[in-house]
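Let's walk through this model together, one region at a time. Keep the viewer open as you read.

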Amino acid sequence: MEELRQKYLEAIAGAADEAALEAVRVQALGKKGEISLKMRELGRMSPEERKVAGPALNALKNEINSAIAARRAALEDAALEERLRGEWLDVTLPGRPRPRGTVHPVSQVTEEITAIFADLGFKVAEGPQIETDWYNFDALNIPPHHPARQEFDTFYMHRAPGDDRPPHVLRTHTSPVQIRAMEKEGAPIRVIAPGRVYRSDYDQTHTPMFHQVEGLAIDRDISMANLKWVLEEFFAAFFGIDGIKTRFRASHFPFTEPSAEVDIQCSWVDGQLRIGEGEGWMEVLGSGMVHPKVLEAAGVDPSQWQGFAFGMGIDRLAMLKYGIPDLRAFFDSDLRWLRHYGFAALDVPTLHGGVSG
Ligand code: PHE
């Protein structure tokens, strides 16, 4: 009995894991285990022998069971310890830095403009950047050989040699979206159309690709006075300055009559651009009453409907509002510039975002 006891207590103490411990248990106390077999032998003993051997065997069985339970608990503790050591995590370590992008001033300003015009009842319309000759010119009352075609410094798409249909163009302005929107919706209509436009031009305030937002409001009795009010309302909200100085100059566009160009007061001080002060003016838009021929080309009856249109330079507005002196840098993709002038993703534009941005 004492030999059995020694043997199994040692085996239990030496069991290195759950499986080994279970093997020891089966060997001692399983159906055919050594101690189980011994207990079965009790039946063949005399009552006197049984009186001694029975309790002794039972005690041995209990002792071994408890030793196994204790060892199992110890093994589990050790396994847990091991896991905790392996899965240890230093939550006080600083986070890994992630590169963070910024919202480009053009995107930010486009959102600002859209929010303000949405509040004034205008919805957003869109058109393609590669445009047909008809939408970009003819429908806007610029027939072939009209001198205005030269003024636009147009980029023409390729045509196969011998194909003498007029080539498509990279749209030179967002005005073709006026036609597309009226064709689709008829009148009355109030839309803005922000997007990219292209002209072969390059200096401090011109790049071959830039951004415009077109505005169009057609109804029964819309006048030049409505145009002026809408624009002044827009500028006040956009710059966060009541009564910001604007200059309406009589002008000419084939697609509006009468026409006006609008400038905003600004100054350049030590290469810094400032709005609302100084002797300078920056032209930011062209506008006027939509020409009857344009309404007609878009399928709107000019004897019933009239209204205004304008085309505004988004990049120019971004330069003025955020004091960015050179337009060319907008499109250089210089990370230092983007970090400096870019906006945080959550810096959501509001109607009254104001000048500070
Ligand atoms: N399309 C004109 C331009 O790009 C601007 C404009 C739009 C003028 C609408 C009048 C009306 O210069």
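Which residues are the closest to the ligand, and how many surround it? The ligand is surrounded by 14 residues, and the closest are His173, Ser175, Arg199, Gln212 and Gly311; a residue is taken as near a molecule or strand if one of its heavy atoms lies within 4 Å of it. Before going further, please keep in mind that this is a predicted model, in which local features need pLDDT of at least 70 and side-chain atom pairs count only at pLDDT 80 or more, while totals for chains, interfaces and linings use all residues. Residues are numbered from 1 along each chain as its sequence is written, and side-chain values use heavy atoms, with hydrogens and water left out.

An N or O atom in the side chain of histidine 173 is 2.9 Å from a nitrogen atom of the ligand. Serine 175 also places a polar side-chain atom 2.9 Å from a ligand nitrogen atom.

Now step back to the whole chain. It is divided into domain 1 (2–86) and domain 2 (105–356), with bounds that come from an automatic or database domain assignment. The C-alpha centres of the two domains lie 90 Å apart. Alanine 69 is part of helix H4 (residues 47–86); helices (H or I, at least four residues) and strands (E, at least two) are DSSP runs, numbered from the N terminus. Alanine 69 counts as partly exposed because its relative accessibility is 44%, on a scale where buried means under 20% relative accessible area, exposed over 50%, and partly exposed in between (1.4 Å probe, protein chains only).

Next, the interior. A nonpolar core is a set of buried Ala, Val, Leu, Ile, Met, Phe, Trp, Tyr and Cys residues joined through side-chain atoms within 4.5 Å. The largest one has 45 residues, and Phe235 and Leu317 have the most contacts inside it. Helix H9 (residues 224–239) gives the largest share of this core, eight residues. A second, separate core of 27 residues includes Met182, Ile189, Phe255 and Val300. Contact here means heavy atoms within 4.5 Å. Beyond residues up to four places away in sequence, phenylalanine 235 touches Gly240, Ile244, Thr246, Val262, Ile264, Val284, Leu285, Met312 and Leu317.

Histidine 104 sits in the loop between H4 and helix H5 (105–119). Polar atoms of the histidine 104 side chain lie 3.0 Å from the backbone nitrogen of valine 106 and 2.8 Å from the backbone oxygen of phenylalanine 330. Threonine 207, in the loop between S4 and S5, is buried because its relative accessible area is 5%. The threonine 207 side chain reaches the backbone oxygen of methionine 209 at 2.6 Å. Threonine 207 and phenylalanine 330 are 123 residues apart in sequence, yet 9.2 Å apart in space, C-alpha to C-alpha.

Finally, look at the backbone. Most residues other than glycine have a negative phi, and most peptide bonds are trans. The bond from alanine 187 to proline 188 is cis, with omega near -5°, and proline 188 lies in the loop between helix H8 (176–185) and strand S4 (189–198). Another cis peptide bond joins glutamate 257 and proline 258, with omega about -5°; proline 258 belongs to strand S7 (residues 256–269). Histidine 145 has a positive phi, near 70°, and counts as exposed because its relative accessibility is 79%. Serine 333 has a positive phi too, near 55°, and lies in the loop between helix H11 (314–322) and helix H12 (335–341).

Definitions and conventions
Polar contact = N/O pair within 3.5 Å; in protein donor to acceptor, adjacent residues only side chain to side chain.
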